Amino acid sequence: MAMVKDNILGLELGKVPMLRPFLFFAIGVCIAYYSSLDFFPFWTFLLIFLFVLQLLAFQRRRLDGGRVLFAVAFYAMWMVLGITLTVRTMPSYQPYHFSNIKGDGFLIVIDDEPQTKGKTLRFPVVVKAVMRDEGKIHTVGKMMVTIGLDSVSRLHVKYGDLLHVPNRSQEIPPPTNPKMFNYKGYLKSKDIWFQCFVPEKLVKKVDTGKGNPILAKALLLRERMMAKFSRYVDDPYAFQLAVALIFGYRSEMDERMVNAFTNTGTVHILSVSGLHVALVFGLLMLLLKWVDYFPNGSHLRSIIIIGMVWGYVVLTGMSPPILRAGIMITFFILSLAVNRQQVTLNTLFASALFIVLFMPKSLFDVGFQLSYLAVLGIVLLHPLLKKLYLPKNRWGRLLVEYTYISIVAQLFTLPVVLYYFGQFPTYFIPANLFIALPSTGIMYLGVVLALCPFASINAYVGMLLQELLHFSVYGLQYLERLPKAVLKGIVWSDIQVILVLLMLLLMVWSWNFKSKRALFIGMVVFVLFSVTSSVAYIRRLEYSGYRIYNVRSDLAIAQIKKGKVMLYCTFDSLTHRDSRFAILPDLERFSPQEEIEYRKLPSMGRQNYTLSIGGKKILILETLLPDTLTGVDIVIWRKNSKNTIEDIRHRFRASPLILIDGSNSDNAIRILQADKTILEEQMYILKNNFAYVWDEE
């Protein structure tokens, strides 16, 4: 085993100048994102003041205090710039944001490729104008639009189309159940604060070609390439996987196939990112090597490769991971062209700063976070592991190196994965080793199929590609079926994520510099993490409480008692799609899915029935009140029951709590709310609100 020399990584802050401006800019973005500091003129004035102060301090940098003042002004300016650019896009600041202007309709431009899900069509739009009786008012702002398609849909729209839709915009609601996916936060990171649901018959296409012309041509090219793939890859599942792997188009992927990648820790293969760009870059370097024989051929080859790499970046949708890869490879090619050594860590932070300068809220995009943490782990920890052990055999060395890369990438992204998704793929190492060669082969075969003009060759390439895709999916599905393939119900807090990331950085620092101080601090951080995790686990293990979930027109009631869970629900099964989305993320914190006791509630027709849960008697009220019923603690009012509040008050001596769920119409709810004979605290509107949760006393 080789000894680790001091500073194997060559870590010096002077070699990573982009780290500090990125960190302070990110701090400013976080301050603006998580607070209500949206007074834009103040931050603009402060930014100008700090810039002038920095110029003055630079002129006096040789005098006492000048250097300190310059540094303070420099970092403060980056932080305030982060605040300013984040606040700038908030609807509350922008007077011409469409949400601040009243009108009957919108003129919208489709801002991305529309995605069809069942009988709906969904896409983000830029709202160009609000339509009023006296004319249109030009506006700014983005919105998510969902169109309800008719049984025989004739609506054909694409990126860049100009549409007229009625003004039915609503603010995107927060999650309505514990641990439910935060769709509002997801869209907020993309500067989308509102959504609109419109039936197809009310949508009018006004014009086409109003989007970015470069992106429009790229999407058209991708559509043509996908059409070509569909001719030569006739299996629908193989086709879906092929276009996801090669073009980043995942909207039509089968859910079971996505789960196979997710549950084996290989879902990053489906997201076009650094791996895909690196493969394209390597292929281009090989295919264009002959250009070096011409005068200034190396520079010409660099220009061609940069252009083609960025063409691929645009073709696949310009997500943060692929933008990062495109920027880093561009810096790498430019450094080769001018014979300058590239500091990978500095390039990493430079690309991150470049992205967040133009899209500050991408800092909160999960793909952005996972992509940069994975590369950070590879840059910091991979060289240290190579010093420990690396076989002399070429193939053995490749296998060990790829294993190291899989481990460090998974290690650095693990805290974020557990925080957002609450699950851990046990067999991620064999899964990543298994998928490495097939995914590379799929990528190269896909490039050949996309570019080859000969139908006879394409037929063989398509057949080979299809078999390789089948082999990849079957292999991952086999690993997914192994015992304990996925550990679910893991709950991490913000503090735990920060502590683990800090612990990893301290581990790298102590290993690289043989620093006892960093090792000691890392051990202290580990103790803090262990204590916070143990306390959280014990609290969860000892927790007893109840939930009445918001599942729209269905009904779901859960009893949680010290690790045992019982769920009463109108869904057909525990694995119903809405259950997996709205209920299981919460319940799996307290019990594995296979140990949850499931009891089916009546879902067809109308009937009244009672449940005794945790010492409370719950009446599900759908028809007229029965005469013999007594002693009810909670009434769940469903399906526009014809009873009145007076009926409830007359029948029960102690007024029960009345919960009104999503099976009631808005008009029925307004009538119940208008009844002044019941106190406000004795009624809870479950529809469009958070689940009703109470702890056992």
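Colleague: Where is the place of asparagine 688?

Modeller: This is a predicted model, and in it asparagine 688 sits in the loop between strand 20 (683-685) and strand 21 (692-695).

Colleague: What makes asparagine 688 exposed?

Modeller: Exposed means over 50% relative accessible area. Asparagine 688 has 62%, so it counts as exposed.

Colleague: What is the phi of asparagine 688?

Modeller: Phi is near 65° there, a positive value in a residue other than glycine. Asparagine 640 also has a positive phi, of about 55°, although it is not a glycine. That residue is found in the loop between strand 18 (634-637) and helix 20 (645-651).

Colleague: Why is asparagine 640 called partly exposed?

Modeller: Its relative accessible area is 27%. Buried needs under 20% and exposed needs over 50%, with partly exposed in between, so at 27% asparagine 640 is partly exposed.

Colleague: Why does threonine 176 count as buried?

Modeller: The relative accessible area of threonine 176 is 15%. The cut-off for buried is under 20%, so threonine 176 is buried.

Colleague: Which residues does threonine 176 touch?

Modeller: Not counting residues up to four places away in sequence, threonine 176 touches Asn550, Asn689, Phe690 and Ala691. Threonine 176 itself is in the loop between strand 7 (169-171) and helix 4 (183-188).

Colleague: What about histidine 470, why is that one buried?

Modeller: Histidine 470 has 18% relative accessibility, and buried means under 20%, so it counts as buried. You'll find histidine 470 in helix 15 (residues 455-480). Leaving aside neighbours within four places in sequence, histidine 470 is in contact with Asp235 and Ala238.

Colleague: How many residues apart in sequence are histidine 470 and aspartate 235?

Modeller: They are 235 residues apart in sequence, and 9.5 Å apart in space, C-alpha to C-alpha.

Colleague: Zooming out, how many helices and strands are in the chain?

Modeller: The chain has 21 helices and 21 strands.

Colleague: Why is the chain called as compact as a globular protein of that length?

Modeller: The globule rule gives 26 Å for 697 residues, and the radius of gyration of the chain is 29 Å, which is close to that, so the chain is as compact as a globular protein of that length. The C-alpha atoms fill a box of roughly 95 × 65 × 60 Å, taken along the principal axes.

Colleague: What share of the residues count as buried?

Modeller: Of the 697 residues, 47% count as buried. The accessible surface comes to about 36800 Å², with 62% of that belonging to carbon and sulfur atoms.

Colleague: Among contacts between residues at least 6 apart in sequence, what percentage join residues at least 24 apart?

Modeller: That would be 66%.

Colleague: How is the chain divided into domains?

Modeller: The division runs domain 1 (13-89), domain 2 (98-211), domain 3 (216-358 + 366-488), domain 4 (494-540) and domain 5 (544-695). The centres of domain 1 and domain 2 are 36 Å apart, taken over C-alpha atoms.

Note on methods: Residues numbered from 1 in each chain as written. Predicted model: local features only at pLDDT ≥ 70, side-chain atom pairs only at ≥ 80, totals over all residues. Heavy atoms only, no water. Helix = DSSP H or I, 4+ residues; strand = E, 2+ residues; numbered from the N terminus. Rg over C-alpha atoms; globule rule 2.2 N^0.38 Å. Buried < 20%, exposed > 50% of the residue type's maximum accessible area, 1.4 Å probe, protein only. Contact = heavy atoms within 4.5 Å. Areas by Shrake-Rupley, 256 points an atom, 1.4 Å probe, with all protein chains shown as cover. Domains from an automatic or database assignment.
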